[in-house]
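Open the model in your viewer and keep the selection panel at hand. Each stop below says what to pick and what is there.

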Amino acid sequence: MTSPPIQAVSLRGVSKRYGPTPALADFSLDIAAGEIVCLLGPNGSGKTTLIRLLSGFLSPTAGVLQVAGFDVQRQPMQARQCIGYAPESAPMYRHMRVGEFLAFMARLRQVPAQQVDEAVARVAGQLALTDKLNAPIPTLSRGYRQRVCIAQALVHEPKLLILDEPSNGLDPRQIIEMRNLIRSLAGRYTVLMSSHILSEVARTADRVVVLLNGRLKGERRVHPDDTDLEDWFLSLA
Amino acid sequence: MKTFLVLTRKELSAALLSPIAYTVAAVFLLVLGYTFTLTLFATKVANLQYIFHQIYVLSILLVPVLTMRAFAEERRNDTLELLLTAPVAEVWIVLSKFVAMLAVMLAIYALSSAYALVLAWVGEPDWGPILMGYATLALLACLLVAVGVLASSLTENQVIAAALSMGLFLMLWFADSVAPMLPGALEPLALNLSLIGHFKPLVTGSVFLSDVMYFISATLVALWLASRRLADR
């Protein structure tokens, strides 16, 4: 008899309250390795709270969160080592250049010193940033900032990539590039992303999870030709 | 430890690439140079006691400007989210900011040693009290920077962080003045919290372990609280 495979992500009964206000209630979810899962829901539905709980930025009021078998609360260092996280606002240090920032994040995420340059070159190639490595961060466009933010999340080759609203603020061409980029990561990484753009979800994710008022309302597998996703979402809402 | 060095290097480069450290250093040295020149001409005595007290006052006014960005800016720019989701213990994040800001303050203090060299050129200063004075200033910088970092960890607004730390410094400074007005057990407590009450004996060469411990323990408590503040989320 064999034990069940370790899920890339396992959430059990996760709740989060901000004072008396519940942001997430009794949420459970499993994500298999290599899967791209999208959290879908309107603003304030609890997507960012869930992502922040999983990344370790927030602590849950109740429940257990595991990444690659590591408990995010009890084994935070091991769990965080398995996670690459790109927050919605694409934060970065304005006094740095792109290459310097990526090298800093690589060192922070315990990439061995002799492999830092190699890791930076790898993610720069993956995200088409090679010619931007010497660019000062304040000079980057919104699209490039998103790329750099995803590059910093990938620089230590995490098992789980978490992307909070990666298409937010991008123009239509950049949205298509971002979608292709995320699809190109399929299989190599487990991806958990959030979005409130329905059409993007079907084209990017393998599975969609709908959150409303901090609760799981439904989930289904999706594919680019999905025609009834909108009706399904509206029926849940 | 390796992560601590990576973080400290980042903090130092951020501090040295920002105009704030240079502005603080310029104001500090300008005011001090003016005071030093006046004092030297007025007293014709080759010691820096008066200068050390000036540095005490200037530090209380200028350290909040230096430390206000520590966490407030990280919060405002959301970069704190990057640090706190990396495999790094909160204590290293706090310590790296503390060490970087302390290094900047100590560098500014070191620049003021030019006045000691002027004294050596025009007279024969007693080097013992001067070295003791600088050692006391180092302890003062530890306490002020640690409290400044703590204040910055409490808010995302830099102005509030600066006002908060300056308020705390002034409360510590004047603790002995309000002590006689306080009832019973609170009076000795206020006296023991007094910043100037522990600074003055040390800077004048009277070394008591209690004074040294005051600076060290206040520094550690402030850093621990800042670390707890980051961990509490």
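**Stop 1: the two domains of chain A**

Start with the distance between domain centres. Over C-alpha atoms, the centres of domain 1 of chain A and domain 2 of chain A are 23 Å apart. The model is predicted. To colour the domains, select 1-82 + 162-237 of chain A for domain 1. Select 87-157 of chain A for domain 2.

Now show the contact between them. Domain 1 of chain A gives 17 residues, and domain 2 of chain A gives 16 residues. Together the two domains bury about 1,300 Å². Carbon and sulfur atoms carry 54% of that area.

Which residues of domain 1 of chain A lose the most area to domain 2 of chain A? Pick A:Gln81, A:Leu181 and A:Tyr189. Together they account for 35% of what the domain 1 side buries.

**Stop 2**

One salt bridge crosses the interface of domain 1 and domain 2 of chain A. Select A:Glu177 and A:Arg147: their side chains form a salt bridge with an N to O distance of 2.9 Å.

Two elements of chain A, α2 (76-81) and α6 (172-184), each give two or more residues to the side that touches domain 2. The largest share, four residues, comes from α6(A). By class, this side of domain 1 has seven nonpolar, five polar and five charged residues.

**Stop 3: along helix α6 of chain A**

Is A:Arg173 buried or exposed? A:Arg173 is exposed, with a relative accessible area of 59%. A:Glu177 is partly exposed, at 30% relative accessibility.

Next, select A:Arg179 and A:Glu200. Their side chains form a salt bridge at 3.1 Å, N to O. A:Arg179 lies in helix α6 and A:Glu200 in helix α7 (residues 198-204) of chain A, so the pair ties together parts 21 residues apart in sequence. Both A:Arg179 and A:Glu200 are buried.

Then pick A:Glu35, A:Arg207, A:Glu219 and A:Arg221. Salt bridges that share partners join these four into one network. Over all chains, the count comes to 18 salt bridges.

**Stop 4: a buried pair and a serine**

Select A:Glu165 and A:Lys47. Their side chains meet in a salt bridge at 3.7 Å, N to O. How far apart in sequence are the parts that this pair ties together? The answer is 118 residues, because A:Glu165 lies in the loop between β7 (160-163) and α6 of chain A, while A:Lys47 lies in helix α1 (residues 47-55) of chain A. A:Glu165 and A:Lys47 are both buried.

Now centre on A:Ser195. This serine is in strand β8 (residues 190-195) of chain A. At 6% relative accessibility, A:Ser195 is buried. Its side chain reaches the backbone nitrogen of A:Ile197 at 2.9 Å.

Leave aside sequence neighbours within four places and list the contacts of A:Ser195. Both A:Lys47 and A:Glu165 are among them.

**Stop 5: chain B against chain A**

Zoom out and show both chains. Their contact takes 24 residues from chain B and 28 residues from chain A. About 2,400 Å² is buried between chain B and chain A, 61% of it on carbon and sulfur atoms.

How many salt bridges are there between chain B and chain A? The count is two. Select B:Glu90 and A:Arg80, which form a salt bridge with their closest N and O atoms 4.0 Å apart. Nine residue pairs are in polar contact across the interface of chain B and chain A, both residues being at pLDDT 80 or more.

Finish on the chain B side. Here α1 (2-17) and α5 (79-84) of chain B each supply at least two residues of the side that touches chain A. The largest share, eight residues, comes from α1(B). By class, this side of chain B has twelve nonpolar, five polar and seven charged residues.

Methods
Residues are numbered from 1 along each chain as its sequence is written. Chains are lettered from A and ligands numbered from 1 in the order in which they are written. This is a predicted model: local features need pLDDT of at least 70, side-chain atom pairs count only at pLDDT 80 or more; totals for chains, interfaces and linings use all residues. Side-chain values use heavy atoms; hydrogens and water are left out. Domain bounds come from an automatic or database domain assignment. Contact means heavy atoms within 4.5 Å. Buried area is the accessible area (1.4 Å probe) that two parts lose on being put together, summed over both. Ala, Val, Leu, Ile, Met, Phe, Trp, Tyr, Cys and Pro count as nonpolar, Asp, Glu, Lys and Arg as charged, and the others, Gly among them, as polar. A polar contact is a pair of N or O atoms within 3.5 Å; within protein, one must be able to donate a hydrogen and the other to accept it, and residues adjacent in sequence count only if both atoms are side-chain atoms. Buried means under 20% relative accessible area, exposed over 50%, partly exposed in between (1.4 Å probe, protein chains only).
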